[in-house]
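Could you look through this one with me? I jotted down some points while going over the model.

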Amino acid sequence: MSIKIVLADDSDLVMIGIRALIEADKRYVIIGSAHTFNDLLKYIEQESPALAILGENLYDTDILTTIEVIHRLSPKTYILVLGMTTQGTLLHGLLHHGVNGYLYRSDPLGECLLDAISTVLQGFPFLSETANAEYLVALQSGQLVRPLD
(Lines give C-alpha, C1' and ligand atoms only; values in the text may rest on other atoms or scores of the structure.)
Protein backbone atom coordinates (compact mmCIF):
# COMPACT_ATOMS: atom_id res chain seq x y z
CA MET A 1 0.00 0.00 0.00
CA SER A 2 1.37 3.40 -1.01
CA ILE A 3 1.80 6.25 1.45
CA LYS A 4 -0.48 9.17 0.55
CA ILE A 5 1.02 12.64 0.09
CA VAL A 6 -0.66 15.93 -0.78
CA LEU A 7 1.22 18.91 -2.25
CA ALA A 8 0.35 22.59 -1.84
CA ASP A 9 2.30 25.49 -3.28
CA ASP A 10 1.68 28.65 -5.27
CA SER A 11 4.15 27.52 -7.97
CA ASP A 12 3.25 24.95 -10.64
CA LEU A 13 6.92 24.44 -11.44
CA VAL A 14 7.76 23.56 -7.84
CA MET A 15 4.88 21.11 -7.61
CA ILE A 16 5.80 19.46 -10.92
CA GLY A 17 9.38 18.98 -9.74
CA ILE A 18 8.39 17.62 -6.34
CA ARG A 19 5.81 15.31 -7.94
CA ALA A 20 8.44 13.90 -10.32
CA LEU A 21 10.89 13.19 -7.50
CA ILE A 22 8.27 11.56 -5.27
CA GLU A 23 6.57 9.49 -7.98
CA ALA A 24 9.94 7.92 -8.86
CA ASP A 25 9.68 6.16 -5.48
CA LYS A 26 6.86 3.60 -5.58
CA ARG A 27 6.35 3.78 -1.79
CA TYR A 28 4.50 7.07 -2.24
CA VAL A 29 1.48 8.31 -4.15
CA ILE A 30 0.52 11.94 -4.71
CA ILE A 31 -3.20 12.20 -4.01
CA GLY A 32 -3.49 15.80 -5.13
CA SER A 33 -1.96 19.21 -5.66
CA ALA A 34 -3.43 22.47 -4.40
CA HIS A 35 -2.77 26.14 -4.99
CA THR A 36 -5.28 27.40 -2.43
CA PHE A 37 -6.04 26.75 1.20
CA ASN A 38 -9.57 25.51 0.45
CA ASP A 39 -8.36 23.07 -2.21
CA LEU A 40 -5.76 21.73 0.23
CA LEU A 41 -8.40 21.26 2.91
CA LYS A 42 -10.53 19.16 0.56
CA TYR A 43 -7.66 16.69 0.15
CA ILE A 44 -6.92 16.71 3.88
CA GLU A 45 -10.57 16.04 4.81
CA GLN A 46 -11.28 13.44 2.12
CA GLU A 47 -8.00 11.52 2.05
CA SER A 48 -6.27 12.02 5.46
CA PRO A 49 -2.83 11.86 3.83
CA ALA A 50 0.18 10.68 5.78
CA LEU A 51 2.12 13.77 4.69
CA ALA A 52 1.38 17.29 3.46
CA ILE A 53 4.21 19.09 1.67
CA LEU A 54 3.48 22.81 1.81
CA GLY A 55 5.00 25.90 0.33
CA GLU A 56 5.32 28.77 2.83
CA ASN A 57 2.77 30.77 0.90
CA LEU A 58 -0.51 29.64 -0.54
CA TYR A 59 -2.52 32.22 -2.41
CA ASP A 60 -5.10 32.76 0.31
CA THR A 61 -3.64 32.03 3.75
CA ASP A 62 -0.53 32.02 5.94
CA ILE A 63 1.52 29.00 6.97
CA LEU A 64 0.59 29.06 10.67
CA THR A 65 -3.13 28.99 9.91
CA THR A 66 -2.57 26.17 7.44
CA ILE A 67 -0.63 24.12 10.01
CA GLU A 68 -3.25 24.68 12.70
CA VAL A 69 -6.15 23.62 10.49
CA ILE A 70 -4.34 20.54 9.14
CA HIS A 71 -3.62 19.37 12.68
CA ARG A 72 -7.23 19.91 13.68
CA LEU A 73 -8.69 18.07 10.67
CA SER A 74 -6.10 15.30 10.40
CA PRO A 75 -3.93 15.06 13.53
CA LYS A 76 -1.86 12.17 12.15
CA THR A 77 -0.80 14.05 9.00
CA TYR A 78 2.85 15.03 9.10
CA ILE A 79 3.81 18.42 7.66
CA LEU A 80 6.91 19.22 5.61
CA VAL A 81 7.34 22.89 4.66
CA LEU A 82 9.26 24.12 1.63
CA GLY A 83 10.31 27.74 2.00
CA MET A 84 12.79 30.59 1.82
CA THR A 85 13.13 31.26 5.54
CA THR A 86 16.56 30.60 6.98
CA GLN A 87 16.36 32.47 10.26
CA GLY A 88 16.83 29.90 13.02
CA THR A 89 14.30 31.43 15.40
CA LEU A 90 11.60 31.40 12.70
CA LEU A 91 12.37 27.77 11.88
CA HIS A 92 12.14 26.97 15.57
CA GLY A 93 8.74 28.67 15.67
CA LEU A 94 7.48 26.58 12.76
CA LEU A 95 8.66 23.39 14.42
CA HIS A 96 7.08 24.49 17.68
CA HIS A 97 3.75 24.99 15.86
CA GLY A 98 3.74 21.44 14.54
CA VAL A 99 5.84 21.39 11.38
CA ASN A 100 7.75 18.11 11.19
CA GLY A 101 10.34 19.16 8.66
CA TYR A 102 11.61 22.13 6.70
CA LEU A 103 13.32 22.26 3.31
CA TYR A 104 15.05 25.45 2.24
CA ARG A 105 14.15 26.01 -1.44
CA SER A 106 17.74 26.79 -2.45
CA ASP A 107 19.16 23.57 -1.00
CA PRO A 108 19.61 20.61 -3.38
CA LEU A 109 16.07 19.26 -2.97
CA GLY A 110 16.66 16.48 -5.47
CA GLU A 111 19.20 15.08 -3.03
CA CYS A 112 17.28 15.54 0.23
CA LEU A 113 13.53 15.42 -0.51
CA LEU A 114 13.09 11.65 -0.24
CA ASP A 115 15.29 11.54 2.88
CA ALA A 116 13.17 14.31 4.40
CA ILE A 117 9.95 12.44 3.64
CA SER A 118 11.27 9.19 5.10
CA THR A 119 12.63 10.90 8.23
CA VAL A 120 9.43 12.84 8.91
CA LEU A 121 7.23 9.78 8.38
CA GLN A 122 9.31 7.98 11.01
CA GLY A 123 8.41 10.71 13.49
CA PHE A 124 11.73 12.57 13.48
CA PRO A 125 12.25 16.26 12.59
CA PHE A 126 14.12 17.08 9.41
CA LEU A 127 15.86 20.29 8.38
CA SER A 128 17.64 20.61 5.04
CA GLU A 129 21.31 21.59 5.08
CA THR A 130 20.97 25.40 5.14
CA ALA A 131 17.96 25.33 7.46
CA ASN A 132 19.82 23.05 9.86
CA ALA A 133 22.92 25.27 9.87
CA GLU A 134 20.87 28.39 10.62
CA TYR A 135 18.93 26.57 13.33
CA LEU A 136 22.20 25.48 14.98
CA VAL A 137 23.58 29.04 14.84
CA ALA A 138 20.46 30.31 16.62
CA LEU A 139 20.70 27.49 19.16
CA GLN A 140 24.38 28.16 19.90
CA SER A 141 23.81 31.89 20.23
CA GLY A 142 21.21 31.33 22.93
CA GLN A 143 18.35 32.72 20.82
CA LEU A 144 16.31 29.54 21.26
CA VAL A 145 14.72 28.70 24.56
CA ARG A 146 14.14 25.03 23.79
CA PRO A 147 16.18 22.88 21.37
CA LEU A 148 14.69 20.10 19.24
CA ASP A 149 14.56 16.64 20.76
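This is a predicted model: local features need pLDDT of at least 70, side-chain atom pairs count only at pLDDT 80 or more; totals for chains, interfaces and linings use all residues.

1. The buried residues of H4 pack against helix H3 (63-73), strand E5 (101-104), strand E6 (126-127) and helix H6 (129-140).

2. Which residues of H4 are the buried ones? In helix H4 (residues 88-96) they are Gly88, Leu91, His92, Leu94 and Leu95. They sit on the same side of H4, because they cover an arc of only 160° around the axis. Once you are just past the end of H4, have a look at Gly98, which takes a positive phi of about 110°.

3. Now the sheet. The model has an open sheet of 6 strands, ordered E2-E1-E3-E4-E5-E6, and the pairing is parallel. Strand E2 (28-34) and E6 are the edge strands, each pairing on one side only. As a reminder, strands of a sheet pair through backbone hydrogen bonds, either parallel or antiparallel.

4. In E4 (residues 78-83), 5 of the 6 residues are buried, so the strand is largely enclosed by the rest of the structure. With E3, strand E4 pairs in the parallel sense over 5 bridges, and with E5 the pairing is again parallel, over 4 bridges.

5. Gly55 stands opposite Leu82, and Leu82 in turn stands opposite Leu103 in E5.

6. How does H3 sit relative to the strands? Helix H3 lies across E3 and E4, and runs at about 170° to E3. H3 also came up in the first point, as one of the elements that the buried residues of H4 pack against.

7. Last, a backbone detail to inspect: Ser48 has a positive phi of about 45° although it is not a glycine. Where does Ser48 sit? Ser48 is found in the loop between helix H2 (37-47) and strand E3 (51-55). Is Ser48 buried, exposed or partly exposed? With a relative accessible area of 43%, Ser48 counts as partly exposed.

Conventions. Residues are numbered from 1 along each chain as its sequence is written. Side-chain values use heavy atoms; hydrogens and water are left out. Buried means under 20% relative accessible area, exposed over 50%, partly exposed in between (1.4 Å probe, protein chains only). Helices (H or I, at least four residues) and strands (E, at least two) are DSSP runs, numbered from the N terminus. The arc is that of the directions from the helix axis to the C-beta atoms. Contact means heavy atoms within 4.5 Å. Two strands pair if DSSP finds at least two bridges between them. Axes are lines fitted to C-alpha atoms, for helices over the stretch in contact, and angles run from 0 to 180 degrees between N-to-C directions.
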